[in-house]
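Me: I am new to this structure and would like to understand the words used to describe it. Please set each value against its definition as we go.

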Amino acid sequence: MQKFNLQHIKSDYSHLVELRQQIDPQSTIYPIPFQELREDITELSKSKTAAEEDISNVQLQLSALREYLHQFDAFQRLQNNFFKEIESYEDDFLAKSQHYLAVQHYTQEIRDDFTNGRYIIGGIYPSIQQLERHIKAFKQQIVAQQAEEEREQQQKEWANKIAETFRVSESSNVIEYVKNNFSPTPDFSPERIAQIKKGYHRHQKEVLMDMVIGRKNKLAQPLDRLKKALLSGHTKAINLALQNFKKVIAPVAISSHKNYKRVQLKLQDIEGTAEPLTTLHMAVNDDPPLHIKVEKSGKFNVKDVPLVFGENTIQLYNEDFLFLDNRRYVLHIHLEEKYPFIGLYDPLTQKAFEREEVSMIVRCTTCRNYMYDFSVEDNDDVCASPRCDGKKFNRHKDTAFWAE
Ligand SMILES: [Zn+2]
């Protein structure tokens, strides 16, 4: 048994009660340990001496509960500050942030630990530190998000500025606008200016999109120069800006044929180079134009282009960049009028082939003889040449039909 300073313990205890009143006025923290401590102190005060163990037990309880009250205080401050700070954020945004959800989860869990008295066993600091980490991560996310929003806002402002500068929309009368704002010259008719402006807008959209995702676009500089030239209204400046623009674009060129070449095959491959990943328009004679995708390497290749006998004109241009100079590549090819089946006879009917009937003539892929399609039909779809069992035939649209 040992003498002890009851006054000292009592004063420590009343200090604890005050602290609890201050930090936890609603008694959120599990109250039992506080009651037990009070009972232990009442028990001690009945005698002048006590077991050493009992005294140190009371002292331990006092310091433990003081420590826990400070922890609860730290937790509450952390929680209150956080929820006050996020008041202005949209619920939608919060619901999508995993850090926010984690903060919510830990807050609830720690509060439950205090309410149910689990803190007595496990201690709280590790969970509070975890909570602090999530709050920090959430704040970093907010900062990143705000930077992104600012960037988007800037892009929008820029786009608006450009739109304002060229406030004539596609639907309104561009030509009227140009007539009022530019003095027409032999170089630049209102129609021509409208075409250049349209080309400008088309590429400007791509440049803006690339800017948003942070990708470099080689058209940014020439477009900017073209914009300034258009705004100045000086035809010389516009001409120079267009020349400057052309320098960064690969021109359309055909490599497979020389101009005015004479060929014998009806089907010709057209190959060449142009600006990568753009679309070319190719018109053969009066046929409706074909759309050709230029490969990433800058090459394009159109197989089996059917020619007419005599002169052929193949027009090729890059629609995306036609506004720069309106120049179309024109290839002239002469298909020599040579029908390889002329002078031959159908093996079944012995009828001479006539060039006007070319669409009715087929050529056996096995023996390479020509015959009328009805002769093959009459022969159970088998080649009509003696001793040939060929069952596959080329028609005049196939290159092999014309090959010698
Ligand atoms: Zn045959």
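Reply: In this predicted model, an open sheet of three strands has the order 12-11-13, with antiparallel pairing; strands here are DSSP runs of E with at least two residues, helices are runs of H or I with at least four, and both are numbered from the N terminus. Its edge strands are strand 12 (370-372) and strand 13, each of which pairs on one side only. The model being predicted, local features need pLDDT of at least 70 and side-chain atom pairs count only at pLDDT 80 or more, while totals for chains, interfaces and linings use all residues. Residues are numbered from 1 along each chain as its sequence is written.

Me: How do you know that strand 11 and strand 12 pair?

Reply: Two strands pair if DSSP finds at least two bridges between them, and three bridges join strand 11 (residues 361-364) to strand 12, the two running antiparallel. Within this pair, V362 stands opposite M371 of strand 12.

Me: Why is Y372 called partly exposed?

Reply: A residue is buried if 20 or more other C-beta atoms, placed from the backbone, lie within 10 Å of its own, exposed if 12 or fewer, and partly exposed in between. Y372, which is found in strand 12, has 19 other C-beta atoms within 10 Å and is therefore partly exposed. Y372 touches D346, T349, M360 and I361, leaving aside residues up to four places away in sequence, where contact requires C-beta atoms, placed from the backbone, within 7 Å.

Me: What makes D304 partly exposed, and what makes D380 exposed?

Reply: D304, placed in strand 8 (residues 299-306), has 13 C-beta neighbours inside 10 Å and so counts as partly exposed. D380 lies in the loop between helix 13 (373-378) and strand 13 (393-394), and because it has 7 C-beta neighbours inside 10 Å, D380 counts as exposed. Phi is positive at D304, near 50 degrees, in a residue other than glycine, and phi of D380, also not a glycine, is positive, near 60 degrees.

Me: Why is helix 1 called roughly antiparallel to helix 2?

Reply: Helix 1 (residues 6-23) and helix 2 (residues 32-44) pack at an angle of about 160 degrees, with their axes 11 Å apart; axes are lines fitted to C-alpha atoms over the stretch in contact, and angles run from 0 to 180 degrees between N-to-C directions. Angles under 35 degrees count as roughly parallel, over 145 as roughly antiparallel, 65 to 115 as roughly perpendicular and the rest as oblique, so helix 1 is roughly antiparallel to helix 2.

Methods. Contact = placed C-beta atoms within 7 Å.
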